[in-house]
Amino acid sequence: MTSLKNALEEIVVVEVQEQIKHLNQQAREAINLSEVTAFALNRLPVLYASTSRGWLQQRKRAHNDLKNQIVSTVQHALLGVKRDSLRQVTKIAASKVETPAHVLTKLQRLF
């Protein structure tokens, strides 16, 4: 099978990080970034690419045609996803979700 990537993943992760910068520390700590990102991505169109050229075209489309929708959807995701201390959360094994967006997030935390 060929390699496939959703061009929106990284864009949504960056948008979530940008929007949470404007929240106070307590609100930031109450947010599960993975859940907010998944919530938003599930409500946006998927922009898969399998080639470098397709990747660039899909990213351009996302920035040109979907930017306002991405911002709005992330805002809704931040309001819609709240950390529930009573809910048991079992994370997906890192090896199953290691995408460029996740790697970018890890690198940004390091720096």
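## A walk through a helical chain

The protein chain has an accessible surface of about 8,100 Å², and carbon and sulfur atoms account for 54% of that (Shrake-Rupley method, 1.4 Å probe; for residues, only the protein chains shown count as cover). Keep in mind that this is a predicted model: local features need pLDDT of at least 70, side-chain atom pairs count only at pLDDT 80 or more, and totals for chains, interfaces and linings use all residues. Residues are numbered from 1 along each chain as its sequence is written, and side-chain values use heavy atoms, with hydrogens and water left out.

Start with the layout. The protein chain holds seven helices and two strands, taken as DSSP runs numbered from the N terminus (H or I, at least four residues, for helices; E, at least two, for strands). Along the sequence they come in the order β-α-α-α-β-α-α-α-α. Of the 111 residues, 30% are buried; that means under 20% relative accessible area, with exposed being over 50% and partly exposed in between (1.4 Å probe, protein chains only). Take contacts (heavy atoms within 4.5 Å) between residues at least 6 apart in sequence: 82% of them join residues at least 24 apart.

Now for the inside. Zoom in on I70 and you'll find it touching L8, I11, V12, E15, L44 and A62, leaving aside residues up to four places away in sequence.

E15 has another partner: its side chain meets that of K67 in a salt bridge at 3.1 Å, N to O (the rule asks for a side-chain nitrogen of Lys or Arg within 4 Å of a carboxyl oxygen of Asp or Glu). E15 sits in helix α1 and K67 in helix α5, so this pair ties together parts 52 residues apart in sequence. E15 is buried at 10% relative accessibility, while K67 is partly exposed at 31%.

Finally, look at α4 (residues 52–65). Its buried residues are G54, Q58, R59 and A62. They span an arc of only 135° around the axis, which puts them on the same side of α4 (the arc is that of the directions from the helix axis to the C-beta atoms). Among the elements covering them are α1 (8–20), β2 (48–49) and α5 (67–80). On the face turned away from that buried side you'll see the exposed residues S52, R53, L56, K60 and N64.
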